[in-house]
Amino acid sequence: MTYSSAVAYLYRLQKHGIKLGLETMTALTACLGMPQNRYRTVHIAGTNGKGSTAAMAAAMLQAAGYRVGLYTSPHLVDFRERIRVNGEMIPESRVAQLTEQLQALSQPELLPTFFEYTTAMAFQHFADTAVDVAVLEVGLGGRFDATNVVTPMACAITT
């Protein structure tokens with residue numbers, strides 16, 4: 001699979017829209033071996049300022065010497081902006097590889113949304129690159145947000 005075909009596949013998942021519940025996300029991460037449990041997380045929620053707060057938290061943690069994963073949405077120019085390790089975007093080849101891996105593991109009845117799929121990709125990439133801590137920006141928020149399958153060491157809620 002190429003990067004462009006992987007991104008095209010991911011965008012096609014947007015037809016699934018938004019689904020309430022964490023069942024699909026729990027199943028996806030279980031298929032991957034619960035990668036989100038292999039590192040500490042900081043969870044950022046709120047109405048405005050989530051992305052800025054997440055970026056600042058990641059920068060502070062990195063400056064303190066930690067290896068830091070950052071997951072934000074949406075992206076501005078390039079899909080890879082959503083998943084970063086120490087400021088570096090996820091490589092195109094890794095997006096393609098993770099997309100193939102999740103396709104192979106996903107059960108047909110799951111029908112993950114775009115956000116669920118990309119969140120699972122971020123969790124796996126952070127585990128595979130051995131981050132010390134991941135800073136996660138929630139999507140739409142609320143208790144059914146796909147990022148809520150983590151047990152964070154700290155949370156922030158912006159205004």
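Let's start with D128, which at 41% relative accessibility counts as partly exposed. This residue belongs to a predicted model, and its partner in a salt bridge is R94, with the closest N and O atoms 2.2 Å apart. R94 sits in helix α4 (residues 92–105) and D128 in helix α5 (residues 114–128), so the pair ties together parts that are 34 residues apart in sequence. R94 has a relative accessibility of 12%, and because the cut-off for buried is under 20%, R94 counts as buried.

## The other charged pair

Side chains of opposite charge can pair when their charged atoms come close. How many salt bridges does the count come to? The answer is two. Besides the pair of R94 and D128, there is one between R80 and D78, whose closest N and O atoms are 3.3 Å apart. Are R80 and D78 buried or exposed? Both R80 and D78 are buried.

Now for the strands. Strands of a sheet pair through backbone hydrogen bonds, either parallel or antiparallel. Here, six strands make up an open sheet with mixed pairing, and reading across it gives the order β4-β3-β2-β5-β1-β6. The edges are taken by β4 (88–89) and β6 (154–158); each has a single partner strand, so one side of each is left without a neighbour in the sheet.

For a look at one pairing, take strand β2 (residues 68–71) and strand β3 (residues 83–85): they run antiparallel and are joined by three bridges. Within this pairing, G69 stands opposite V85 in β3.

## The largest pocket

Rolling a probe the size of a water molecule over the atoms shows where empty space is left. The largest pocket in this model has a volume of about 420 Å³. Its lining is made up of 21 residues, and those nearest the centre of the pocket are I18, T113, F115, G139 and L140. Which classes of residue form the lining? The lining has 10 nonpolar residues, together with seven polar and four charged ones.

## Cysteines and disulfides

A disulfide is a covalent bond between the sulfur atoms of two cysteines. How many disulfides does a search of the whole structure find? The search finds zero. As for individual cysteines, C31 has a relative accessible area of 28% and is partly exposed, whereas C155, with a relative accessible area of 58%, is exposed.

Definitions and conventions. Residues are numbered from 1 along each chain as its sequence is written. This is a predicted model: local features need pLDDT of at least 70, side-chain atom pairs count only at pLDDT 80 or more; totals for chains, interfaces and linings use all residues. Side-chain values use heavy atoms; hydrogens and water are left out. A salt bridge is a side-chain nitrogen of Lys or Arg within 4 Å of a carboxyl oxygen of Asp or Glu. Buried means under 20% relative accessible area, exposed over 50%, partly exposed in between (1.4 Å probe, protein chains only). Helices (H or I, at least four residues) and strands (E, at least two) are DSSP runs, numbered from the N terminus. A disulfide is a pair of cysteine sulfur atoms within 2.5 Å. On a 1 Å grid over the protein atoms alone, a cavity is a set of points where a 1.4 Å probe fits but cannot get out, and a pocket is an open set with protein on both sides within 12 Å along at least five of seven lines; lining residues have an atom within 4 Å of a point. Grid points are joined across faces, edges and corners, and a volume is the space filled by probe spheres set on the points. Ala, Val, Leu, Ile, Met, Phe, Trp, Tyr, Cys and Pro count as nonpolar, Asp, Glu, Lys and Arg as charged, and the others, Gly among them, as polar. Two strands pair if DSSP finds at least two bridges between them.
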